[in-house]
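Please read the points below with the sequence and the model open side by side.

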Amino acid sequence: MALVASNSYAAVKAGSSCSKAGIKSVSAGKTYTCVKSGKKLVWDKGVLIPVAKPASNDSVAPSTGVPQSPKTEQAKSSFTSWASKFATDDMTQSALKKTAEYLGKVEPSSAYKLSLDPAITSSDRAWITQSLDYVNGAFKDVLNGQVKVFLGTNHEWSASSLRAAGEWIGDPQSPYPCSNGVNDAYCAGSNLVLLIYSDIYKPNSTYRWDAGRQSTPAHEMFHNVQFALGGRNVGPDDPTHIPRWLMEGSANYFGFYIVETLKFNTYQTGRLQQVNSNQAYKNVIPLSEYDNFTNDPYGIGQAATEYLIASIGFDNFLNIWRFTKSEGSFAKGFNKATGIEISDFYSKFEAARGSMKIGSN
């Protein structure tokens, strides 16, 4: 499943204007194509992206007891920083281990405001809030109890609830917040998370709680962490703009990290969906070009995040946002956090991408 809803960008909406005929964008579980309608260029109705069904239960059973970090403590990794040739699992396990070491023992925290659709089942509320509590607790000194979470089953509820709260996200002219009004909507603003599982809750739904959907609460709240550390992400012409592959890819990575930590699913299940078997990566396009609404930045950005964390550690990885803010420049912030220029990173990534199993089972 392609994770949808950008953190700082409005989601694509069928019938809304686009810039160039033929370009594509992944949003709300569909691939949209820019087509000519009369004298205007607009997004078409989109083609639904198939969702893989889980191999086991259809629903998520919340884990009990104290959440555990991924089983990486005993993992022996031969990965070395900025290597170009390595076993994919070595890089992935190194990143997961360094993330777990940085976070240490997490005390979950519900210090955020939750607006809940009464139609959400108690079992779904339990595992979703467990994920939110864990991320909020892991970054309690960053988020400071400021996040507002809207958790619902349909878009009418999301629109009315956000308006009642004086909030909105996505296109202000749209009838629904960051949504086409049909499929799931997951998105985040500076202190806002919207999680609408309309696909799951629609009558006679064939959708399931696969690893992708299981990752969305942590994915979106990690965007709040990004904003808190680096400020509101701005357009590409601003020097503090952080590329979409990094914003979305790191949220993808962290979402699946939490999925494994809380034992909802495995990290590798999510990686298989988003990175290994993602048909969007069959054609090799440089990572530097995944900063737009045409190319899918989620999976390739997830692999790039693994590569960064495995090479520099999770604290230095977070410093990319901190230093981008303090230096007033992504290029300078990235260099200060990682020790290399962003252009050098792009070169190292392209040299190493063959070892990452991107677009390859």
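1. Two terms come before the sheet: helices (H or I, at least four residues) and strands (E, at least two) are DSSP runs numbered from the N terminus, and two strands count as paired if DSSP finds at least two bridges between them. The model is predicted, so that local features are given only at pLDDT of at least 70 and side-chain atom pairs only at pLDDT 80 or more, while totals for chains, interfaces and linings use all residues. Residues are numbered from 1 along each chain as its sequence is written, and side-chain values use heavy atoms, with hydrogens and water left out.

2. The sheet is open and is formed by 4 strands in the order β5-β6-β8-β7, with mixed pairing. Its edges are β5 (113–116) and β7 (185–189), each of which pairs on one side only. From one strand to the next the twist averages 10°, where axes are lines fitted to C-alpha atoms (for helices over the stretch in contact) and angles run from 0 to 180 degrees between N-to-C directions.

3. Which strand does β7 pair with in the antiparallel sense over 5 bridges? The partner is β8 (residues 192–196), and a hairpin of 2 residues joins β7 to β8. Within this pair, A185 stands opposite I196 of β8, and Y186 stands opposite L195 of β8.

4. Although β7 is an edge strand, 5 of its 5 residues are buried, so β7 is largely enclosed by the rest of the structure; buried here means under 20% relative accessible area, exposed means over 50%, and partly exposed lies in between (1.4 Å probe, protein chains only). Both faces of the strand are covered, with A185, C187 and G189 buried on one side and Y186 and A188 buried on the other.

5. Helix α2 (residues 122–138) lies across β5, β6 (148–152) and β8 and runs at about 155° to β5, whereas helix α6 (residues 211–230) lies across β6, β7 and β8 and runs at about 15° to β7. S131 belongs to helix α2 and is buried, with a relative accessible area of 1%. Apart from neighbours within four places in sequence, S131 is in contact with P217, A218, I258, L262 and F264.

6. Helix α1 (residues 88–103) packs on helix α10 (residues 314–327) at an angle of about 80°, with the two axes 8 Å apart. That makes α1 roughly perpendicular to α10, a label that covers 65 to 115 degrees, while angles under 35 count as roughly parallel, those over 145 as roughly antiparallel and the rest as oblique. K98, T99 and Y102 of α1 meet F314, D315, L318 and R322 of α10.

7. The largest nonpolar core has 80 residues; such a core is a set of buried Ala, Val, Leu, Ile, Met, Phe, Trp, Tyr and Cys residues joined through side-chain atoms within 4.5 Å. The residues with the most contacts inside this core are F139, W245, F254, Y307 and F345, and its largest share, 10 residues, comes from helix α7 (residues 244–261). Leaving aside neighbours within four places in sequence, F139 is in contact with L103, F222, V225, F254, F314 and L318. A second, separate core of 10 residues includes F150, C178, C187 and L192.

8. In helix α8 (residues 267–276), 7 of the 10 residues are buried, so this helix is largely enclosed by the rest of the structure. Those buried residues are Y267, G270, R271, Q273, Q274, V275 and N276, and they pack against α1, α6, α7 and α9 (298–312). In the loop between α8 and α9 lies D296, which is buried at a relative accessible area of 9%. D296 and G249 are 47 residues apart in sequence and 9.8 Å apart in space, C-alpha to C-alpha.

9. Two backbone angles deserve a look in the model. C178, in the loop between α4 (155–164) and β7, has a positive phi near 40° although it is a residue other than glycine, and C178 counts as buried at 5% relative accessibility. K357, in the segment after α12 (342–352), is not a glycine either and has a positive phi of about 55°; K357 is partly exposed, with a relative accessible area of 40%.

Note on methods:
Contact = heavy atoms within 4.5 Å.
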